[in-house]
Amino acid sequence: MENKPSGSSPTSFLDQLVVPGDVVLDLSNLTNQTIKLGGGLRQDCDSIVVVKAGKLRFTKPNKYWVESSNKRYEPHAGDSVLGIVVDSRADNFLVDIRGPALAFLPVLAFEGGTRRNIPKFEAGTLLYVRVVKANPGMNPELSCTDVGGKAAEFGQLKDGFMFESSTGLSRMLLSSPTCPVLEALGKQLSFEIAVGLNGRVWVNATTPSTVIVAANAIMNSESLSGVQQRIMVEKLLQNLKLST
Amino acid sequence: MEIDRVDGRTANQLRPLACSRNILNRAHGSASWSQGDTKVLAAVYGPKAGTKKNENPEKACIEVIWKPKTGQIGKPEKEYEMIVKRTLQSICVLTINPNTTTSVIVQVVNDDGSVSFMVMHLSHNMLLPCAINAACAALVDAGIPLKHLAVAICCCLADSGCVLLDPTKLEEQKTKAFAYLVFPNLTLSILPEGSLKVEGEPVEQAIITSVTQGAMSVDDYLRCLERGRAASAKMSAFLRRSLPLQNPSDSSKAG
């Protein structure tokens, strides 16, 4: 890794691995600019300090954040996640989204939802939901509609298989262009998939063996490069063809 | 004056360090830390909703459970739990997730074992610094927000008055006094050096925890602090190298 000579400070931390405590920005040099801070950074008077280990990222014009992959999720407004219903109250369903607090899903937050057609979700139901509000110290609020009020694929996910992994894997699966493992699987198998930014992935297909192969391929792909992912998918699909 | 240590190290030399992250599947964060033969495994679960009765609900709460290698849990384990908890509380940013509990479980895997049964009960072990280092690495692995990292080291005072760093169990039994010291890690900063101050004092002079046993003079204690701080710089560099390595090497760009 880099050797920091004593007496000089690095000019920029962008795309570098940072650990908690590193001071990455000096606000006194950046007067009259607005900066947006994402996860992993905190403002400490005039400097921006790292609180999570990871890679520091920047996109123009002014967004900074620390990219890291964890097994827990920090709720942010606008994210689509997979939640599991824990309990139901008069006004809300209590949904576990793998964050520090349980999230509330209002019973009317569905397309065409009225007091008369409240869905009956039991404990353990898997839902694909959107995070509406995620303020610090409060329980996050969810919704089964998109911003315009339409259902848009949100709601209960029936059948299929859900597994949990890390947030980094979810981001990789949702990146564009399509990540290599999904592309390679999609060329040979037909399946549907729902990826939550909280590290949960749901896979469904017509036969159980397809579901298992797709889930295993995705679970294995987190630390592999693009080429390695394609090779791994090839091997798994060969085994699948040999056994059927 | 040169001191002959049993394993051939000089007075300022540390035992070989090894650290691995993300070793447990179910824990939200985990790390193992070994210094020589002493090895400790730490697992972090959380943050989970709710705090215990006596804890302040406006802050995050940290709960430490210490599991010894053998034997029942008794008063020494409770003392270790309290020391580790106070140390970790001072490095975590407790205001970010109020009303949550983060559990840290420390499991002693190997404690530089002495073969004699009687001696084991009478001696103290090198576990505490190892455990604090492991717990800090596990918190980073779990993504808990931290103000900075904690680097723990043990210094003991030999009979001749020399300060020895990172003593083995045998050396520790023979000394008249020793101290466990925890320092914040050295941070890289884009600001010019020397400008980082907390309440008017430079951050480089900070200390988080100090636990001492035995009698030593003030001068000896200050010498221990100095040696310990110098050694913690090397351990800081080691932590910085080993911590991010478990992240996947290719980054993803959200569409």
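**Exercise 1. Find which residues of helix H3 (residues 208-220) of chain A are buried, and what covers them.**

Step 1: Start with the list. The buried residues of H3(A) are A:Thr210, A:Val211, A:Val213, A:Ala214, A:Ala215, A:Ala217 and A:Ile218. Here buried means under 20% relative accessible area, exposed means over 50%, and partly exposed lies in between (1.4 Å probe, protein chains only). Helices (H or I, at least four residues) and strands (E, at least two) are DSSP runs, numbered from the N terminus.

A word on the model before going on: this is a predicted model, in which local features need pLDDT of at least 70 and side-chain atom pairs count only at pLDDT 80 or more, while totals for chains, interfaces and linings use all residues. Residues are numbered from 1 along each chain as its sequence is written, chains are lettered from A and ligands numbered from 1 in the order in which they are written, and side-chain values use heavy atoms, with hydrogens and water left out.

Step 2: Look at the cover. Among the elements over the buried residues of H3(A) are E14, helix H1 (167-174), helix H2 (180-188), E15, E16 and helix H4 (226-243) of chain A.

**Exercise 2. Work out how strand E16 (residues 200-204) of chain A is placed among its partners.**

Step 1: Check burial. In E16(A), 5 of 5 residues are buried, so the strand counts as mostly covered.

Step 2: Sort the side chains. In a regular strand the side chains alternate between the two faces of the sheet. In E16(A), A:Arg200, A:Trp202 and A:Asn204 point one way, while A:Val201 and A:Val203 point the other way.

Step 3: Find the partners. Two strands pair if DSSP finds at least two bridges between them. Strand E14 (residues 161-164) of chain A pairs with E16(A) in the antiparallel sense over 4 bridges, and A:Phe163 stands opposite A:Val201. Strand E15 (residues 192-195) of chain A also pairs with E16(A) in the antiparallel sense over 4 bridges, with A:Glu192 opposite A:Asn204.

Step 4: Look at the turn. E15(A) and E16(A) make a hairpin with 4 residues between them, and A:Gly199 in that turn has a positive phi of about 95°.

**Exercise 3. Classify two of the aromatic pairs in the structure.**

Step 1: Get the total. Searching the whole structure gives 8 aromatic pairs over all chains. Rings of Phe, Tyr and Trp (its six-membered ring) pair if their centres lie within 6.5 Å; planes under 30 degrees apart count as stacked, over 60 as edge-to-face and the rest as tilted.

Step 2: Take A:Phe110 and A:Phe121. Their ring centres are 5.9 Å apart and their planes are at 55°, so this pair is tilted. Both sit in the loop between strand E10 (103-106) and strand E11 (126-133) of chain A, 11 residues apart. A:Phe110 is buried at 17% relative accessibility, and A:Phe121 is buried at 12%.

Step 3: Now take A:Tyr128 and A:Phe154. Their centres are 5.2 Å apart with planes at 20°, so this pair is stacked. A:Tyr128 is in strand E11, and A:Phe154 is in the loop between strand E12 (141-143) and strand E13 (155-156) of chain A, 26 residues apart. A:Tyr128 is buried at 17%, and A:Phe154 at 15%.

Step 4: Look for a cluster. Ring pairs link A:Phe93, A:Phe110 and A:Phe121 into one.

**Exercise 4. Describe the surroundings of A:Ser68.**

Step 1: A:Ser68 lies in the loop between strand E7 (63-67) and strand E8 (80-88) of chain A, and is buried at 12% relative accessibility.

Step 2: List the contacts (heavy atoms within 4.5 Å). Leaving aside neighbours within four places in sequence, A:Ser68 touches A:Lys52, A:Ala53, A:Gly54, A:Thr167 and A:Arg171.

**Exercise 5. Count the disulfides and check B:Cys130.**

Step 1: A disulfide is a pair of cysteine sulfur atoms within 2.5 Å. The whole structure has 0 of them over all chains.

Step 2: B:Cys130 is in no disulfide, and the nearest cysteine sulfur, that of B:Cys19, is 10 Å away. B:Cys130 is buried, with a relative accessible area of 0%.
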